[in-house]
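Please look through the model below with its annotated domain, its backbone and its open spaces in mind. The paragraphs that follow take these topics in turn.

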Amino acid sequence: MTTVDTILAAKYPAKAHARRIAASIKAKHGACGALYLEAQKNRLIEDNDEDMPFRQRRPFFYLTGCLLPDAAVVYDVQKDQLTLFIPPIDPESVIWSGLPLSPDEAKDLYDVDRVFYTTEINATLAGIAKDQAGQAAAYAIEGQVSEHVKFEGFASTHLTVLKEEIGEARVVKDAYEIALLRKANDISAEAHIAALKAGKTATNEREVEAAFIGACIARGCREQSYHPVVASGESGATLHYVRNDRELVDRATGKRKTSILIDAGGEYQTYCADITRVIPLAGRFAPETRQIYEIVLQMQTECIAVLKEGVLWDDVHALAHRVAIRGLLKLGLLRGSEDELFEKRVSVAFFPHGLGHYLGMDTHDTGGHPNYEDKDKMFQYLRVRRNLPAGSVITVEPGIYFCRFIIDPILKDPELGKYINAEVLERYWAVGGVRIEDNIHITKDGYENLTTAPKTIEEVESLAQ
């Protein structure tokens with residue numbers, strides 16, 4: 001049986017990615033002689049002699065699998081030859097940082113044909129241009145080419161195509177990339193369990209965040225996919241809440257808050273997990289929170305069930321709103337018919353964001369083609385506006401929120417206010433927000449859920465107790 005660790009024991013498939021990008025460029029733009037990409041540079045913190053936190057450029061990693069700073073890569077399309085360039089030894093830095101990778105060590109680590117020092121970049125590019133009699137073009141990314149790098153001898157140099165091509169290619173993942181995403185999810189699921197357990201005794205949101213991050217680091221995710229959201233009580237209504245420092249006992253009332261929304265994921269070798277769970281601080285969900293949780297879980301369950309190759313994401317997002325409307329009508333929070341509420345977009349007041357986004361080397365990954373100028377507020381913030389291809393990975397993250405800033409104007413609106421029962425609504429402000437998020441791999445005939453973090457009410461309450 002092939003396991004994730006078995007797949008990841010091999011090299012990141014950089015050469016296959018380079019071939020794929022070059023083939024697409026040749027098909028669309030004609031002669032393609034070389035691809036050139038640079039890694040992120042090491043930079044010092046301002047007014048300090050320490051390095052800034054390093055984040056590798058994603059296009060460079062896609063063609064190398066290499067996390068070294070100040071490196072570069074050239075793909076000779078005609079020879080099908082991938083060359084990695086690494087910084088030469090700086091004697092003064094060795095005393096502080098030790099010896100860097102040698103070319104031979106790098107060759108063993110990465111899926112490349114050759115490894116040279118960066119001092120040989122221009123000679124290598126000139127050799128490719130000469131071999132191809134100056135008839136082919138070179139492709140790089142604007143703003144990511146060092147001043148000393150020259151493309152002498154090429155028929156032309158293009159700086160706008162390569163980034164777009166890599167962005168589109170990244171939508172469909174190969175088996176190695178899916179394994180990386182699964183690994184990130186497995187580690188993040190363990191971290192969510194650790195955070196859930198920490199909630200039993202935590203007195204501040206930051207203690208729960210610390211439990212999550214600590215569990216990630218201990219298991220191999222040293223970096224976070226994004227700044228974690230750890231929002232207790234009404235703070236859960238803030239979609240990208242970042243404070244993570246509020247007390248879990250309300251000083252005014254002396255009561256412990258009922259729940260925490262945790263939106264967090266670890267990053268494993270640049271590939272991201274993005275998972276959201278809501279945990280009951282008292283071991284069991286408060287009645288109103290439980291009711292909303294059941295609706296959100298139903299939204300997610302029905303949306304995941306229809307996923308497969310070719311499904312239009314707009315339609316899945318609309319389905320989530322339909323399920324939300326039915327649930328909120330049943331609770332008496334909304335008035336009217338399902339169709340009328342849907343057409344009037346009343347549910348957007350409770351579910352204002354998109355159902356999900358592509359996931360990969362970025363949390364909000366490339367290739368979704370959102371339309372933030374859309375006048376239809378139900379779809380304005382939907383980050384994917386296309387049919388889902390097999391091999392893509394997308395988050396499914398419905399939510400229902402009780403945000404006064406959004407709902408109060410609707411209540412005061414003479415046309416829309418009649419659809420919301422303000423008296424019933426009063427019981428739900430303390431819920432804040434409920435969001436449940438999993439990472440889904442789209443296949444030809446269906447889907448594969450990469451996320452294993454507990455999410456049924458029974459599982460979550462059992463762990464919380």
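UniProt positions are given in the numbering used here, with feature names shortened, and annotations may be inferred rather than shown by experiment. In an unreviewed entry, UniProt lists residues 12–146 as "domain: Aminopeptidase P N-terminal". This span is 34% helix and 19% strand, and its end C-alpha atoms lie 26 Å apart; helices (H or I, at least four residues) and strands (E, at least two) are DSSP runs, numbered from the N terminus.

The model is predicted, with local features needing pLDDT of at least 70 and side-chain atom pairs pLDDT 80 or more, while totals for chains, interfaces and linings use all residues. Residues are numbered from 1 along each chain as its sequence is written, and side-chain values use heavy atoms, with hydrogens and water left out.

Asn244, which is not a glycine, has a positive phi of about 50°, and it lies in the loop between β8 (229–232) and β9 (259–264). Asn244 counts as buried because its relative accessibility is 2%, buried meaning under 20% relative accessible area with a 1.4 Å probe and protein chains only. Thr270, likewise not a glycine, has a positive phi of about 75° and is found in the loop between β10 (266–268) and β11 (271–272).

Terms used: Buried < 20%, exposed > 50% of the residue type's maximum accessible area, 1.4 Å probe, protein only.
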